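Subject: Structure handover

Hi there,

Here is the structure I promised to pass on to you. Have a look at it first, and then read on for what turned up.

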Amino acid sequence: MNNVNAAEMQAFVAALTKDASLGKKNKRVTGSWSLTEGTPQFSAQLDYPKGKATVNVELPSFAGGWGTSPDPIQVCLSGLAACFAVTFAAVATAEGVKLTKLQVTAENWMDLRKQMGVSKDNIIERVKFTVDAAGADRKTLERIMKTAEERCPGSECVTRAIPLETVLA
């Protein structure tokens, strides 16, 4: 239902109730900066169980990019929207709600002066998800949305202070 592998999801939930350590996961992505002028500035290969994808990223053209790839904030917003969408769909599926539409728009408002070294003000002012969903009454969809907001790792990344560690290799 909802393009969610419900059997796998239910099996994982059952396993977690018996062994909480199964819920501990580590994700890792490594990318490289290109030193060749005019090419995408950063590339990362994302491996997944049935394949791999390369994601190219660069600065926006007004900030020093070439305009050949999405910028990091676009990729970040895409990840946030995807994370929220998969969480929303998973919650709906677990509750037996068959969706007929699900579209998530992630957007943010920024002040780039700090990034460019001319201010100390916060860069990200706010983030907003707009969810366009159908398949149940509004009250049910709002409940699913609230649960998705509570459970979505991407939502947590932008609402909770998470320790950041940077290490020079």
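Helix 2 is the biggest contributor to the lining of the largest pocket, supplying 14 residues. Please keep in mind throughout that this is a predicted model. The largest pocket itself has a volume of about 2,000 Å³. It is lined by 44 residues, and those closest to the pocket centre are K27, G79, C83, V86 and P153. Besides helix 2, the elements that give two or more residues to this lining are helix 1 (6-18), strand 2 (42-48), strand 3 (51-57) and helix 4 (153-159).

At least two lining residues each come from helix 2, strand 5 (124-134), helix 3 and helix 4. Sorted by class, the lining of the second largest pocket holds 12 nonpolar, 3 polar and 4 charged residues.

The axes of helix 2 (residues 72-94) and helix 3 (residues 138-151) come within 9 Å of each other and cross at roughly 125°. Because of that angle, helix 2 counts as oblique to helix 3. The crossing of helix 2 past helix 3 is right-handed.

Which residues meet where the two helices are in contact? On the helix 2 side they are F84, T87, F88, V91 and A92, and on the helix 3 side L141, I144, M145, T147, A148, E149 and R151. This contact consists of 8 nonpolar, 2 polar and 2 charged residues.

The protein chain has 4 helices and 5 strands. Read from the N terminus, its elements follow the order α-β-β-β-α-β-β-α-α. The C-alpha trace spans about 50 × 35 × 30 Å along its principal axes.

That is everything from my side for now. I hope you enjoy looking through it!

Best wishes

How values were computed
Residues numbered from 1 in each chain as written. Predicted model: local features only at pLDDT ≥ 70, side-chain atom pairs only at ≥ 80, totals over all residues. Heavy atoms only, no water. Axes fitted to C-alpha atoms, helices over the stretch in contact; angles between N-to-C directions. Parallel < 35°, antiparallel > 145°, perpendicular 65-115°, else oblique. Left-handed = near helix turned anticlockwise from the far one by under 90°. Contact = heavy atoms within 4.5 Å. Nonpolar A, V, L, I, M, F, W, Y, C, P; charged D, E, K, R; others polar. 1 Å grid on protein atoms, 1.4 Å probe; cavity = no way out; pocket = protein on both sides within 12 Å on 5 of 7 lines; lining within 4 Å. Points joined across faces, edges and corners; volume = space filled by probe spheres on them.
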